[in-house]
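Here's a quick briefing on the aromatic rings in this one. Take a look at the structure, then read on.

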Amino acid sequence: NKTIEITPVEDAPFSELFIVGDATESGWNVDAPAAFTQSELDPFVFIYEGNFAPGEFKIFAGPMGDWCGDWYRPQVDDKGIENGAVVQAPGCEPDNTWLVTEETAGRYRLSLNTATNTIRFNKVNLHMVGDAGP
């Protein structure tokens with residue numbers, strides 16, 4: 001009959017997101033991972049800023065301590081630090097991760113949109129000025 005029904009979604013699928021992996025400050029600790037901050041303007045958007053060392057990471061939605069809980073992962077394994085689509089799914093497989101290399105290591109601000117299942121990576125460049133700097 002060529003009709004469409006649109007139902008608004010009022011709540012984000014998760015109220016908390018966390019980051020784990022040897023590229024992050026959390027390491028692979030799903031019992032006490034570093035948290036994203038949920039946007040006050042858009043509850044579907046979560047922000048994380050931190051230093052990334054060479055290694056891997058993925059985004060954990062809980063429950064704490066459950067390796068087969070809910071995850072946000074890239075569509076392919078060892079995905080570089082690139083803006084794009086993410087897959088949200090529970091379970092242990094596929095165990096796709098993002099890969100941080102020596103060339104891409106540094107401080108990043110991540111923005112994950114759980115409504116559109118997309119992620120953005122913005123490299124944070126810090127500069128120092130003043131008598132204490134070179």
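Trp 71 is buried, with a relative accessibility of 0% (buried means under 20% relative accessible area, exposed over 50%, partly exposed in between, using a 1.4 Å probe and protein chains only). This is a predicted model, where local features need pLDDT of at least 70 and side-chain atom pairs count only at pLDDT 80 or more, while totals for chains, interfaces and linings use all residues. Residues are numbered from 1 along each chain as its sequence is written, and side-chain values use heavy atoms, leaving out hydrogens and water.

**Ring pairs**
- Rings of Phe, Tyr and Trp (its six-membered ring) pair if their centres lie within 6.5 Å; planes under 30 degrees apart count as stacked, over 60 as edge-to-face and the rest as tilted.
- By that rule, there are 12 aromatic pairs.
- One of them is Tyr 48 with Phe 52, edge-to-face at 6.0 Å centre to centre and 85 degrees between the planes.
- Tyr 48 is buried at 3% relative accessibility, and Phe 52 is buried at 4%.
- Phe 60 and Trp 71 make a tilted pair, 4.7 Å centre to centre with 45 degrees between the planes.
- Phe 60 sits in strand 5 (residues 55-62) and Trp 71 in strand 6 (residues 70-74), so their pair ties together parts 11 residues apart in sequence; strands are DSSP runs (E, at least two residues), numbered from the N terminus.
- Phe 60 is buried too, at 0% relative accessibility.

**Cluster**
- Ring pairs join Phe 36, Tyr 48, Phe 52, Phe 57, Trp 98, Tyr 108 and Phe 121 into a cluster.

Notes: Helix = DSSP H or I, 4+ residues; strand = E, 2+ residues; numbered from the N terminus.
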